[in-house]
Amino acid sequence: MTYTSFEFFIIYFGAAYVLYSILPKKAKWCVLLASSLFFYFIATGGHIEYILISSIIIWLVGIIIQKFNDTFADKKKLVAKEERKKLKNKYHNYKLITLTAGILINAALLLVLKYANFFTSTINTLFSASLPELSIIQPLGISFYTLQAISYITDVYRGRYEACKNPLKITLYLSFMLTIVEGPIARYDQLGTQLGEGKNFNFKNLIFGAQLVVWGLFKKVVIADRASDFVNNVFDEAKFNSGIIVVLAILIYTLQLYCDFSGIMDVVVGLGEMMGITLPENFKRPFFAKSINEFWQRWHITLGAFLRDYIFYPISLSKPFMKLSKNARNKFSPYYANLIPTAFALFFVWFANGMWHGAAWKYIVYGLYYYVLMMLGLFAEPLSAKVCKKLKIERKSKGFAFFQTVRTFIIVNFGMLIFRADSLKSVGNAVKAIFTNPNFQTLYVGSKNGLGLDILDYVILIFGTLLILIVSIAQEKGIHIRERISKLPFAVKFIIYMLAILSVVILGAYGEHYGAVDLLYANF
């Protein structure tokens, strides 16, 4: 099931949107629940049991934790002040045990359903064992809805909001058809409450949302799906025959992945906006980033925010790590004393980041690749500052900012090679080809290199990329393009809308010469 298919827009979203718009507020969430479960049921061939299990578990865990919160709030009024601390610790322990059980159950489901065969294969390789692999169907969106489930019960534990008493609304929060396939990974107070409220029809939301949908389809169908032919033809080779083709494939894959993922995010955010539902932002022009840290604050924002709030902070602010930081201050400068516990916490963040993306060692290496580079940058920061000062390099200048952006872009693209290559051995072959066999002749259009694109495809990719760049620069400067368009005369707006729609219809990479391209992040 794909968000770019005619069937989705007409059968699933179209029908749901009409009913959602005309039914009274109290019934709107029921429409969303029914359409989401129907969509999930069809998309998974009926395998809906696991998401229902997760929904029931986190609903129960949330209710139990809320009960402890309420009981403590009532009892603390009846005891003396000196007894309140003991009472607080008692109920804190109850809540912690309940939360831990909820997290472990959901994490166990994810580990078994997604990673069981990876663990089996690793054990067989390391210990020459012959453990059998399991025949398991990985539930659609499990990597996304599991994180939402964990964030929900953790936030109830932290007292950010009260637990939802209705299990069906919890099920809707996890299974919402616009977020279940590729996210964004939304917190309950960002999404769950909106889904339960019901929004009235708004013409501006309809128009603005539709604009975003068309823009997302342009990125996905015109750019990403067209780029996939070139990328697949290069990376599916057992050996890389041309270094320049490998470099070009890496750059085009980066373009493909960005347009595929951010394009679909634009589609689902736009569809949500048509309903009056605001989904969290997941991309913010990542290729303008000046550092790895900033890149991940702009790329897959909701995943980075989850890793920060539910892994980094709990680890770095835990008692053992706070004690480590305190002891480090006696031996190191304040900068490095604070950096040491941060380095430990970030290891778990980046390991989880890599592991989350897939059950393969290349994804773990992908996460640790960023971890190592980030640590090198942080530990070398004082030395870097001194060198720049001595060489009289102005670190706040536009020239230095441009250098940082280019450096980050190169780092990210090498990461994309790790991410896309079939194996770590393929990464080595690709690097070897880059430095030992440039072979520029394979770039000539019409040469028999089997890259799958003709001259028109290259032209569309180039001009499409330039258009995305121009729009990104405008957005980076704070220009609200949709607001600008809305203020234009009707005739001008109509022409822009028609050109946008026709560009997707006419230039989209589908039909006789193109194969169907799955959503890339749906596989993670």
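Is K220 buried or exposed at 0% relative accessibility? K220 counts as buried, with 0% relative accessibility; buried means under 20% relative accessible area, exposed over 50%, and partly exposed in between (1.4 Å probe, protein chains only). The legends below describe a predicted model, in which local features need pLDDT of at least 70, side-chain atom pairs count only at pLDDT 80 or more, and totals for chains, interfaces and linings use all residues. Residues are numbered from 1 along each chain as its sequence is written, and side-chain values use heavy atoms, with hydrogens and water left out.

**View 1. Confidence along the protein chain.** The predictor's confidence in each residue is given as pLDDT, from 0 to 100. The protein chain has a mean pLDDT of 91, and 96% of its residues reach 70 or more. Confidence is highest in helix α6 (residues 167–175), at a mean of 98, and lowest in helix α12 (residues 319–328), at 84. Helices (H or I, at least four residues) and strands (E, at least two) are DSSP runs, numbered from the N terminus.

**View 2. The salt bridge between K220 and D260.** Side chains of opposite charge can pair when their charged atoms come close. A salt bridge is a side-chain nitrogen of Lys or Arg within 4 Å of a carboxyl oxygen of Asp or Glu. In the bridge between K220 and D260, the closest N and O atoms are 2.6 Å apart. K220 belongs to helix α8 and D260 to helix α9 (residues 243–275), so the bridge ties together parts that are 40 residues apart in sequence. D260 is buried, at 0% relative accessibility.

**View 3. The salt bridge between K204 and E483.** Here the N to O distance is 3.8 Å. K204 is in helix α8 (residues 203–235) and E483 in helix α18 (residues 481–486); the pair links distant parts of the chain, 279 residues apart. K204 is partly exposed at 47% relative accessibility, and E483 is partly exposed at 32%. The charged end of K204 also sits over the ring of F208, 5.2 Å from its centre. A charge sits over a ring if NZ of Lys or CZ of Arg is within 6 Å of the ring centre and within 35 degrees of the ring normal.

**View 4. Other salt bridges.** The structure holds 17 salt bridges. One of them joins D155 and R160, with 3.4 Å between the closest N and O atoms. D155 is buried at 0% relative accessibility, whereas R160 is partly exposed, with a relative accessible area of 47%.

View 5. A pair of aromatic rings is described by the distance of the centres and the angle of the planes. Rings of Phe, Tyr and Trp (its six-membered ring) pair if their centres lie within 6.5 Å; planes under 30 degrees apart count as stacked, over 60 as edge-to-face and the rest as tilted. The count by this rule is 55 aromatic pairs. For Y161 and Y188 the centres are 5.6 Å apart and the planes stand at 45°, so this pair is tilted. Y161 lies in the loop between α5 (142–158) and α6, and Y188 in helix α7 (residues 188–197), so the pair ties together parts that are 27 residues apart in sequence. Both Y161 and Y188 are buried.

**View 6. The aromatic pair of F230 and Y458.** This pair is edge-to-face, with 6.5 Å from centre to centre and 80° between the planes. F230 is in helix α8 and Y458 in helix α17 (residues 455–476), so parts 228 residues apart in sequence are tied together. F230 is buried, at 0% relative accessibility.

**View 7. Surroundings of S228.** S228 is found in helix α8 and is buried, with a relative accessible area of 2%. A polar atom of the S228 side chain lies 2.7 Å from the backbone oxygen of D225. Leaving aside neighbours within four places in sequence, S228 is in contact (heavy atoms within 4.5 Å) with Q256 and V517.

**View 8. Surroundings of I277.** I277 lies in the loop between α9 and α10 (292–298) and is buried, with a relative accessible area of 1%. Not counting residues up to four places away in sequence, I277 touches Y20, L32, F176, L191, Q194, L195 and G272.

Methods:
A polar contact is a pair of N or O atoms within 3.5 Å; within protein, one must be able to donate a hydrogen and the other to accept it, and residues adjacent in sequence count only if both atoms are side-chain atoms.
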